[in-house]
Amino acid sequence: MPGTKKVFVKTFGCQMNVYDSERIAESLIPYGFTETECLEEAEVIVLNTCHIREKAAEKVYSELGRLRQVKDDRREQGKQTIVTVAGCVAQAEGAEIIARSPVVDLVVGPQSYHRLPDLVFRAQSESRRIVDTNFPEDDKFSRLPDRLVAKPAQPGATRAASAFLTVQEGCDKFCTFCVVPYTRGMEFSRPVSGLLDEARSLISRGVRELTLLGQNVNAYHGEGPDGKDWTLAKLISAVAKLEGLERLRYTTSHPHDMNDDLIAAHRDEEKLMPYLHLPFQAGSDRILALMNRKHTVAQYRRLIEKIRTARPDIALSTDIIVGFPGETDQEFEETLTLVNEIGFAQAFSFKYSARPGTPAAKSEEQLPEEVKTKRLHRLQELLASQTSRFNEGCVGQVIPVLFERPGRHDGQIVGRSPYLQPVHADGDATLLGRVIPVEISSAGPNSLLGVIRAA
Ligand code: SAH
Ligand code: SF4
Ligand code: F3S
């Protein structure tokens, strides 16, 4: 029986938050809730927030401003609304959110989602505002309900063909610019058996592709069924054996943890897709050291060589920061040089944003906004040209595509290539959830267009 109460969840930030949002919504199902996309009918509203850059954190407060009206309107109709701030802003700012924003009833950190039903109940019945940002001793994953069929795999349903699975959380690397170690806590790997159970349950509801997630996913060292710590490569090999699963991915990796067994998996594991997101952040050794990145440019270059030897067609992706405190023009040029040398299929680039409590924020060498903007512009131009070139290289090839959702135009469906490019083709909705060869006819800056060759 679907529940009569409604929860609305809005997600900001990274893929881990996308995964968490699903688990948040599912945690309330046993208590009579269903998920809604209509804000006005929700008894519980959850903003799952991101603190990584200033702009990300600001978005939350503008969203909360809009929620005030919704809550007031519902109150006039005699309905209660519990506004919840979850995620990394919740962890970083805690009680400050309550002080700054009267609309908020509940603040819950990323390690406390298993306590959400109880917290919601208390906020409702005791009519008081609650903050829970402890890093509890108990493991939330083992206390959250099993994966429920919250989003059934129907033709037309989105996200059913491909799902995220968090295998590792937190980070001990303490890059000097980054808030993640403070918002997500220390590194923690989930045991293999629970992960295999969750993977099986996702596959049984129609999932064909899994992306294993972690802030430092390649540092994975969870307990295996043999009592020993397993590496990510070993976990990948076990997940790849699950029947019904066609594709596997993982993200985000740190260069420091990119071990030979994981590189070999790109050669040996057929289901592991030829795509790797490996952030390098900066092309200068001095800046990398100031960032506490634990790798040099030469080490990164060498890693890429090894990876390309193992899997020559691999599509590489990265994250880059421009304008880290003290970065000179020359050092920024070194970032461009490295990008030119390696050639990325995809990349995410950001202006450095000073984050409260991080060491780099205290540096006296902060750069002017205009300098950062100019550098970002030049870098993004170069990255866009590389992505276009990579996409154009696919034209004329026949590529297996996992179709995931209907397209914007009638009769069109959209899927992903092994290299993670969105591929549009004319096709029937019955093809969703299947991997089908597509001949690529043209390439845009961010996606491909093709013709289905055989169904
Ligand atoms: N765990 C991942 C990154 C998580 S954050 C890793 O280590 O690669 C995602 C990206 O946001 C980072 O790779 C970095 O490029 C960017 N980022 C993090 N903190 C930032 C900051 N203070 N300013 C600008 N970009 C930042
Ligand atoms: Fe942040 Fe660095 Fe950890 Fe990535 S490795 S999450 S950038 S501290
Ligand atoms: Fe943002 Fe937290 Fe992810 S800060 S990037 S939501 S880990």
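Aspartate 257 is buried, with a relative accessible area of 14%; buried means under 20% relative accessible area, exposed over 50% and partly exposed in between (1.4 Å probe, protein chains only). The model is predicted: local features need pLDDT of at least 70, side-chain atom pairs count only at pLDDT 80 or more, and totals for chains, interfaces and linings use all residues. Residues are numbered from 1 along each chain as its sequence is written, chains are lettered from A and ligands numbered from 1 in the order in which they are written, and side-chain values use heavy atoms, with hydrogens and water left out.

**Aspartate 257 and its loop**

Aspartate 257 belongs to the loop between β11 (247-251) and α10 (260-268). Helices (H or I, at least four residues) and strands (E, at least two) are DSSP runs, numbered from the N terminus. Beyond its neighbours within four places in sequence, aspartate 257 is in contact with Lys173, Asn216, Asn218 and Ala219, where contact means heavy atoms within 4.5 Å. Its C-alpha atom is separated by 26 Å from that of leucine 379, 122 residues apart along the chain. Threonine 252 is also placed in the loop between β11 and α10, and a cis peptide bond, with omega of about 0°, joins threonine 251 to threonine 252.

**Backbone and burial at selected residues**

Most residues other than glycine have a negative phi, and most peptide bonds are trans. Glutamine 281 has a positive phi although it is not a glycine, and leucine 420 likewise has a positive phi without being a glycine.

Serine 21 lies in helix α1 (residues 15-28) and counts as buried at 5% relative accessibility. Leaving aside neighbours within four places in sequence, serine 21 is in contact with Val9, Thr11 and Asn48.

**Ligand surroundings**

Ligand 2 is surrounded by residues that include Cys171, Lys173, Cys175, Cys178, Asn216, His254 and Arg293; a residue is near a molecule if one of its heavy atoms lies within 4 Å of it. The shell around ligand 2 comprises 7 nonpolar, 2 polar and 2 charged residues. In this classification, Ala, Val, Leu, Ile, Met, Phe, Trp, Tyr, Cys and Pro count as nonpolar, Asp, Glu, Lys and Arg as charged, and the others, Gly among them, as polar. Around ligand 3 are Cys14, Asn17, Thr49, Cys50, His51, Ile52, Cys88, Arg184 and Gln215, a shell of 4 nonpolar, 4 polar and 1 charged residues.

**Nonpolar cores**

The largest nonpolar core has 72 residues, and Leu210, Leu212, Leu232, Leu235, Leu248, Tyr250 and Met258 have the most contacts inside it. Helix α9 (residues 232-240) gives the most to this core, with 7 residues. A second, separate core of 23 residues includes Phe12, Val60, Tyr61 and Ile98. Such a core is a set of buried Ala, Val, Leu, Ile, Met, Phe, Trp, Tyr and Cys residues joined through side-chain atoms within 4.5 Å.

**Domains**

An automatic or database domain assignment supplies the bounds of domain 1 (5-140), domain 2 (146-273) and domain 3 (398-452). The centres of domain 2 and domain 3, taken over C-alpha atoms, are separated by 25 Å. Between these two domains, 12 residues of domain 2 are in contact with 15 residues of domain 3.
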